[in-house]
Amino acid sequence: MNSNSHTTNHYYFLLLLACAAALFLSEQSHAQQPNPHSMILGLTRVTSDLSTPKSAAITRVKKSSESLDVMEPLREVRDGYLISLNLGTPPQIFQVYMDTGSDLTWVPCGNISFDCLDCDDYKNNKILGSFSPSRSSSSYRDSCASSFCVNVHSSDNGFDTCAAAGCPLGALLKGTCLRPCPSFAYTYGDGVVSGTLTRDFLRVHGSSPNSSRDVPKFCFGCVGATYREPIGIAGFGKGPLSIPSQLGFLQKGFSHCFLAFRFANNPNVSSPLVVGDVAISSKDDLQFTPMLNSPAYPNYYYIGLEAITIGGSGAGAGGPGDSTNAAVTVTQVPLSMRNFDSSGNGGMLIDSGTTYTHLPEPLYSQLLSSLQSTIHFPRAKEAEMRTGFDLCYHVPCRSNATAGPGGDDDVSLPSITFHFLNNATLVLPQENHFYAMSAPTNSTQVKCLLFQSMDGAGAGDQYGGPAGIFGSFQQQNVEVVYDLEKERIGFRTTDCALQGLHNN
């Protein structure tokens, strides 16, 4: 999954609409309930084998609007982090990706089947399930006249949603047409989904133990067919369809703490996704950088990168067998990483839906050169050919302890530090850049740099024009705070697994 934009792809639109023709949704009305001011959600990390995380049993106590925050657990999966969505009456539970690079929240849907094209890697995935509108007494199609319907079709130039729905001229002129919103196609960096907008109850967990809240008339995509998008998505962008927007948190904020990759597929470990006042209060000790506003892509989160430091703080201690020293190499980044051009392109997109950090050329090649001049371990060329990563090494293990994939083998490689605007710095945890690709063999372990080139990925066109992308892999064990009230993003390295234990 990558960062997202929702321009309509007509080829996939026609293809996927044919697959989604069997969607039938009931129409029911919702009772009004107080709008909460914040919430806490949970994140999970998953890798190649997507097993359904175990959800902790809670007592569902409906709280009044005085409960200001929401918290949900995040768990790790293959190439992102999952949260649970409880939708409908009675609730149907789905595991979906948490994505700061898109707005639309959607789940696999259909009374007959959910069709995912070019999703062979997920054929045996038991996490997939379809939302059944007919099994929810409170589910109904969104109207063609709603602002959400207009928004999801905003990339269709001159597209009148009610005219497309077949409303008679009189109803169009009076604005009284009540026909359902037409089917939509929503595109991502490497995929597309097709479905219909649906309204239903969303149940979220409060920050107080054993508490929950039902949010009425939550608008989401009921998706019957996708291309390369096998799992639903919870959109956390700044657009009107996003979860923070629909729950009234765009003037507050949210925070997440992504588990380390080694916890993938572990259903017993989670970390908190917090939305509301709790997420942004008492955070002055974090390293904050301004949130940049792109004139062309206002719904995305951008920050400005000024420099990258190799070595120095966090580097190896030197000595026999060490590949690092105290030397510091500073790589200046292009102005496009912190400024926008006249078309709104530029800046560094921070996106939980993109796995690896992407840097533009020639910055990416300069980073590789700086690391090569600092690291003197043998190159693992065969691993580079096999994995597609550009810089891999045979790193000796200092201890006799057996380290699994991704584990820390006590041999330091040079640190990598990001320097953002407003003098904010983030020293990446070592497992966030050089990652062990296998268990040790003959006292050595292959580690590869998990960064990628924007040019090599063709990312400039796919991701709406950012100069670079700060991906989720480099955000492991980092508390990231989206302070929307003060328009800033903060960072602090921490053990996210311990935060999960504290909040569970």
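Seven disulfides are present in the structure, a disulfide being a pair of cysteine sulfur atoms within 2.5 Å. This is a predicted model, in which local features need pLDDT of at least 70 and side-chain atom pairs count only at pLDDT 80 or more, while totals for chains, interfaces and linings use all residues. Residues are numbered from 1 along each chain as its sequence is written, and side-chain values use heavy atoms, with hydrogens and water left out.

One of the disulfides joins Cys-109 to Cys-222, with an S to S distance of 1.6 Å. Cys-109 lies in the loop between β5 (106–108) and β6 (115–117) and Cys-222 in strand β10 (residues 212–227), so this pair ties together parts that are 113 residues apart in sequence. Strands, here and below, are DSSP runs of E with at least two residues, helices are runs of H or I with at least four residues, and both are numbered from the N terminus. Cys-109 and Cys-222 are both buried. Buried means under 20% relative accessible area, exposed means over 50%, and partly exposed is in between, with a 1.4 Å probe and protein chains only.

Another disulfide is formed by Cys-116 and Cys-119, whose sulfur atoms are 1.8 Å apart. The link of Cys-116 and Cys-119 is left-handed, with -40° about the S-S bond. Both of these cysteines, Cys-116 and Cys-119, are buried.

Cys-392 and Cys-448 are also joined by a disulfide, S to S 2.0 Å. The link of Cys-392 and Cys-448 is right-handed, with 105° about the S-S bond. This pair links distant parts of the chain, with Cys-392 in strand β20 (residues 392–396) and Cys-448 in strand β24 (residues 444–449), 56 residues apart. Cys-392 counts as buried because its relative accessibility is 0%. Cys-448 is likewise buried, with a relative accessible area of 0%.

Cys-219, by contrast, is in no disulfide, and the nearest cysteine sulfur, that of Cys-181, is 7.8 Å away. With a relative accessibility of 0%, Cys-219 counts as buried. Cys-397 counts as buried at 15% relative accessibility.

Two strands pair if DSSP finds at least two bridges between them. Five bridges hold β20 and β24 in their antiparallel pairing. Within this pairing, Cys-392 stands opposite Cys-448 in β24.

Strand β21 (residues 416–420) is joined to β22 by four bridges, and the two run antiparallel. Three residues lie between β21 and β22 in the hairpin, and Asn-422 in the turn has a positive phi of about 70°. Phe-420 stands opposite Ala-424 in β22. Strand β22 (residues 424–427) has a covered face, made by Ala-424 and Leu-426, and an uncovered one, made by Thr-425 and Val-427.

The largest nonpolar core has 73 residues, of which Ile-308, Phe-418, Phe-420, Phe-470 and Phe-491 touch the most other members. A nonpolar core is a set of buried Ala, Val, Leu, Ile, Met, Phe, Trp, Tyr and Cys residues joined through side-chain atoms within 4.5 Å. Helix α7 (residues 363–374) supplies the largest share of this core, five residues. Apart from it lies another core of 22 residues, including Cys-181, Phe-184, Cys-219 and Ile-231. Leaving aside neighbours within four places in sequence, Phe-491 has contacts that include Leu-286, Ile-303, Ile-350, Phe-420, Leu-426 and Phe-470; contact means heavy atoms within 4.5 Å.

The chain as a whole has eleven helices and 28 strands. Of its 504 residues, 58% are buried. Among contacts with a separation of 6 or more, 75% are between residues 24 or more positions apart. The chain exposes about 19,700 Å², and carbon and sulfur atoms supply 50% of this area, which is computed by the Shrake-Rupley method with a 1.4 Å probe; for residues, only the protein chains shown count as cover.
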